[in-house]
Amino acid sequence: MPSNIEFKGDSKAVLLKSLLAVAPEEGCALLLGKIKKHELSKPKKIVYEISLIWPCHNIWELGIKYLDDANKSLNKAKIHESKENRFLIDPKEQLIAQKWARARNLLILGHAHSHPNGVAIPSTTDLASTTSSTLMLIANNNEDLRAWWIKNSESKLGIEIPWDSQHQNIYSQRS
Ligand SMILES: [Zn+2]
């Protein structure tokens with residue numbers, strides 16, 4: 001789990017713009033970058049440095065197959081489903097992005113999506129449809145952008161990860 005995250009260059013502005021461009025539908029994107037380990041700092045810090053945004057098309061559609069867990073929580077919630085409250089990134093697109101990133105010595109650090117009409121907190125569906133521990137960034141229409149580490153344990157958890165530009169300065173001076 002990262003201690004915090006950093007945005008390089010204009011990646012944060014690009015992320016917000018691409019996520020919110022499709023409002024009121026949910027936007028989604030993959031986050032590419034590097035993992036920086038600060039072994040000497042105490043406690044040890046692991047920083048996820050986001051340097052490139054890979055905007056994705058939200059391919060969710062009614063009847064699309066979710067995981068069993070997600071289906072259960074969807075049925076419980078009984079809300080009207082649409083692209084305004086659901087998103088799905090095409091697995092084929094993830095593979096293309098992964099190949100592209102690898103060739104440039106980058107990693108897919110996680111993904112981001114928007115809650116145009118809500119808060120920037122992982123929903124029950126967000127938690128349920130996560131199959132492995134991952135970084136998840138969520139933005140809402142007020143450009144409130146929050147970072148979460150989704151822990152894929154028995155009871156799925158979203159842990160907020162801090163980020164701010166001051167951290168970025170401290171780390172860039174050291175490295
Ligand atoms: Zn969500």
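Visitor: How many of the nine residues of strand 4 (residues 107-115) are buried?

Guide: Before I answer, please note that this is a predicted model, in which local features need pLDDT of at least 70 and side-chain atom pairs count only at pLDDT 80 or more, while totals for chains, interfaces and linings use all residues. Residues are numbered from 1 along each chain as its sequence is written, and side-chain values use heavy atoms, with hydrogens and water left out. Strands (E, at least two residues) and helices (H or I, at least four) are DSSP runs numbered from the N terminus, and a residue is called buried under 20% relative accessible area, exposed over 50% and partly exposed in between, with a 1.4 Å probe and protein chains only. In strand 4, seven of the nine residues are buried, so that the strand is mostly covered.

Visitor: Which strands pair with strand 4, and in what sense?

Guide: Strands of a sheet pair through backbone hydrogen bonds, either parallel or antiparallel. Here two strands are said to pair if DSSP finds at least two bridges between them. Strand 2 (residues 28-38) pairs with strand 4 in the antiparallel sense over six bridges, with Leu 32 standing opposite Ile 108 and Gly 33 opposite Leu 107. Strand 5 (residues 134-140) pairs with strand 4 in the parallel sense, over six bridges, and there Ser 114 has Ala 139 as its bridge partner.

Visitor: In what order do the seven strands of the open sheet stand?

Guide: The order is 1-3-2-4-5-6-7, and the pairing is mixed. Strand 1 (4-7) and strand 7 (157-161) stand at the edges, where each has a single partner strand, so one side of each is left without a neighbour in the sheet. Direction ignored, neighbouring strands of this sheet are turned by 35° against each other on average, where the axes are lines fitted to C-alpha atoms, for helices over the stretch in contact, and angles run from 0 to 180 degrees between N-to-C directions.

Visitor: Which strands does helix 1 (residues 11-20) touch as it packs on the sheet?

Guide: Contact means heavy atoms within 4.5 Å. Helix 1 touches strand 1, strand 2, strand 3, strand 4, strand 5 and strand 6, and its direction makes about 45° with that of strand 3. Helix 3 also packs on the sheet, touching strand 2, strand 3 and strand 4, with its direction at about 120° to that of strand 3.

Visitor: Which residues touch the most other members of the largest nonpolar core?

Guide: In soluble globular proteins, nonpolar side chains tend to be buried together. A nonpolar core is a set of buried Ala, Val, Leu, Ile, Met, Phe, Trp, Tyr and Cys residues joined through side-chain atoms within 4.5 Å. The largest one has 20 residues, and those touching the most other members are Ile 5, Leu 15, Leu 31, Ile 50, Leu 135 and Leu 137. Helix 1 gives the largest share of this core, four residues. A second, separate core of 10 residues includes Cys 28, Leu 30, Trp 54 and Phe 87.

Visitor: How many aromatic pairs are there?

Guide: Rings of Phe, Tyr and Trp (its six-membered ring) pair if their centres lie within 6.5 Å, and planes under 30 degrees apart count as stacked, over 60 as edge-to-face and the rest as tilted. The count comes to two aromatic pairs. Tyr 48 and Trp 149 form an edge-to-face pair, 6.1 Å centre to centre with 90° between the planes, and this pair links strand 3 (residues 45-56) with strand 6 (residues 145-151), its two residues being 101 residues apart. Tyr 48 is buried, with a relative accessible area of 10%, and Trp 149 is buried, also with a relative accessible area of 10%. Trp 54 and Trp 100 form an edge-to-face pair as well, at 5.6 Å centre to centre and 65° between the planes; Trp 54 lies in strand 3 and Trp 100 in helix 3 (residues 91-103), 46 residues apart. Trp 54 counts as buried at 16% relative accessibility, whereas Trp 100 is partly exposed, with a relative accessible area of 29%.
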